[in-house]
Amino acid sequence: MVSYGEREIPHEVLRIEAARTAAGLVAAGVRHGDRVALVLRNEPTFLSLSAACALIGAVPVPVNWHWHGLELGHVIRHSDSRVVFAHSDFVANVEEIRPEGVPLVEVPVPSELTAYYGAAPVTGRRPLFADWIGAHEPYAEPLDAAP
């Protein structure tokens, strides 16, 4: 069980979300050894994205969510990330520096975080995480080797 604020999330729920996310990553062209940028605060979606990367042999790139402009752009470009996931309140920062052709998936900010950082409405400009993974069956292929 993962505790997050008042919520308790069973490992099985996170495992299934990670497997669906892994399938979404594969559908987006992410392969073994590719990088996936995470411009997210510490929350359950960060865990499922990291686990999804592990399932397909991709490498999660946690990005300091305080960064913007040149710092943010350098990490995303230099890591050669194939997809970027960002909380709603960071979408505009990522849009400014996102390399051409790199998909950006918006992750709504959980209520536990808005209590500390303020409201962060969904922008509606990018695919939402739940919609992005919703169409995929859980990934079930074995991993040949770690990246």
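User: What is the relative accessible area of Trp67?

Analyst: In this predicted model, local features need pLDDT of at least 70, side-chain atom pairs count only at pLDDT 80 or more, and totals for chains, interfaces and linings use all residues. Trp67 belongs to the loop between strand 4 (59–62) and helix 3; helices (H or I, at least four residues) and strands (E, at least two) are DSSP runs, numbered from the N terminus. Buried means under 20% relative accessible area, exposed over 50%, and partly exposed in between (1.4 Å probe, protein chains only). Trp67 is therefore classed as partly exposed, its relative accessible area being 30%.

User: Which residues does Trp67 touch, not counting residues up to four places away in sequence?

Analyst: Residues are numbered from 1 along each chain as its sequence is written, and side-chain values use heavy atoms, with hydrogens and water left out. Contact means heavy atoms within 4.5 Å. With residues up to four places away in sequence not counted, Trp67 touches Leu72, Val75 and Asn93.

User: Is Leu72 buried or exposed, and with what relative accessible area?

Analyst: Leu72 is part of helix 3. Outside the four places on either side in sequence, Leu72 touches Val39, Val63, Trp67, Asn93, Val94 and Ile97. Leu72 is buried, because its relative accessible area is 1%.

User: What is phi of Asp80 near?

Analyst: Asp80 is placed in the loop between helix 3 (69–78) and strand 5, and Asp80 is partly exposed at 43% relative accessible area. Most residues other than glycine have a negative phi. Asp80, a residue other than glycine, has a positive phi near 60°.

User: What length does helix 1 reach from its first C-alpha to its last?

Analyst: Helix 1 has 17 residues, and the expected span is 1.5 Å times one less than the number of residues. The buried residues of helix 1 are Leu14, Ala18, Ala19, Thr21, Ala22, Ala23, Gly24 and Leu25, and their cover includes strand 1 (2–4), strand 2, strand 3, helix 2, strand 5 and helix 6. Close to the 24 Å expected, the reach of helix 1 is 24 Å.

User: What is the volume of the largest pocket?

Analyst: On a 1 Å grid over the protein atoms alone, a pocket is an open set of points where a 1.4 Å probe fits, with protein on both sides within 12 Å along at least five of seven lines; lining residues have an atom within 4 Å of a point. Grid points are joined across faces, edges and corners, and a volume is the space filled by probe spheres set on the points. The largest pocket is lined by 14 residues, of which Arg7, Glu17, Glu43, Pro44 and Thr45 lie nearest its centre. Its volume is about 190 Å³.

User: Which element gives the largest share of the lining of the largest pocket?

Analyst: Strand 2 (7–9), helix 1 (11–27), helix 2 (44–56) and helix 6 (129–134) each supply at least two lining residues. The largest share, 3 residues, comes from helix 1.

User: Which residues does Thr45 touch, not counting residues up to four places away in sequence?

Analyst: Thr45 lies in helix 2 and is buried, with a relative accessible area of 11%. Sequence neighbours up to four places away aside, Thr45 touches Glu17, Val107 and Phe129.

User: What distance separates the C-alpha atoms of Val107 and Leu128?

Analyst: Val107 lies in strand 6 and is buried, with a relative accessible area of 1%. Val107 and Leu128 are 21 residues apart along the chain, and their C-alpha atoms are separated by 5.9 Å.
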